[in-house]
Amino acid sequence: MSKSKLDTQVDLKEYSVSNRGLRPNLVGTPDQVAERIVAFANVGVSTLLLQFSPHLPEMQRFAAEVIPRVRRLEAQRDA
């Protein structure tokens with residue numbers, strides 16, 4: 001019997017290298033993404049590697065809409 005996994009069903013998240021960023025589930029509204037980032041921080045994750053497309057506008061949107069929410073959630077947690 002072969003131990004090959006060539007016949008394994010692969011979903012969209014697994015198929016493309018560019019989609020592997022979906023594994024941490026950093027998708028959704030800015031509030032949902034911020035909550036997920038804080039959940040990672042709460043278990044000891046200190047670095048996240050993020051990918052944006054198109055890079056600059058999405059990175060700017062992330063900085064404007066998500067990071068302030070993360071900071072607020074962290075402040076509430078630490079209060």
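Here are my entries, in the order I made them.

**Entry 1, the overall fold.** I noted at the start that this is a predicted model. I looked up the secondary structure and found four helices and zero strands, in the order α-α-α-α along the sequence. Of the 79 residues, 15% count as buried. I also checked the contacts with a separation of 6 or more: residues 24 or more positions apart account for 51% of them.

Which residues make up the largest nonpolar core? I listed ten: L26, V33, A34, I37, V38, F40, F52, F62, V66 and V70. Helix 2, residues 30-42, gives the largest share of this core, with five residues. I then picked out V66, one of the core residues, and set aside its neighbours within four places in sequence; V66 is in contact with P30, V33, A34, I37 and R61.

At what angle do helix 2 and helix 4 pack? I read about 50°, with the axes 9 Å apart; helix 4 covers residues 67-78. The crossing is right-handed.

From helix 2, the contact uses P30, D31, A34, E35, I37, V38, A41 and N42. From helix 4, I wrote down R69, V70, L73, E74 and R77. Sorted by class, this contact has seven nonpolar, one polar and five charged residues.

Terms used. Residues are numbered from 1 along each chain as its sequence is written. This is a predicted model: local features need pLDDT of at least 70, side-chain atom pairs count only at pLDDT 80 or more; totals for chains, interfaces and linings use all residues. Side-chain values use heavy atoms; hydrogens and water are left out. A nonpolar core is a set of buried Ala, Val, Leu, Ile, Met, Phe, Trp, Tyr and Cys residues joined through side-chain atoms within 4.5 Å. Buried means under 20% relative accessible area, exposed over 50%, partly exposed in between (1.4 Å probe, protein chains only). Helices (H or I, at least four residues) and strands (E, at least two) are DSSP runs, numbered from the N terminus. Contact means heavy atoms within 4.5 Å. Axes are lines fitted to C-alpha atoms, for helices over the stretch in contact, and angles run from 0 to 180 degrees between N-to-C directions. A crossing is left-handed if the near helix is turned anticlockwise from the far one by less than a right angle, and right-handed if clockwise. Ala, Val, Leu, Ile, Met, Phe, Trp, Tyr, Cys and Pro count as nonpolar, Asp, Glu, Lys and Arg as charged, and the others, Gly among them, as polar.
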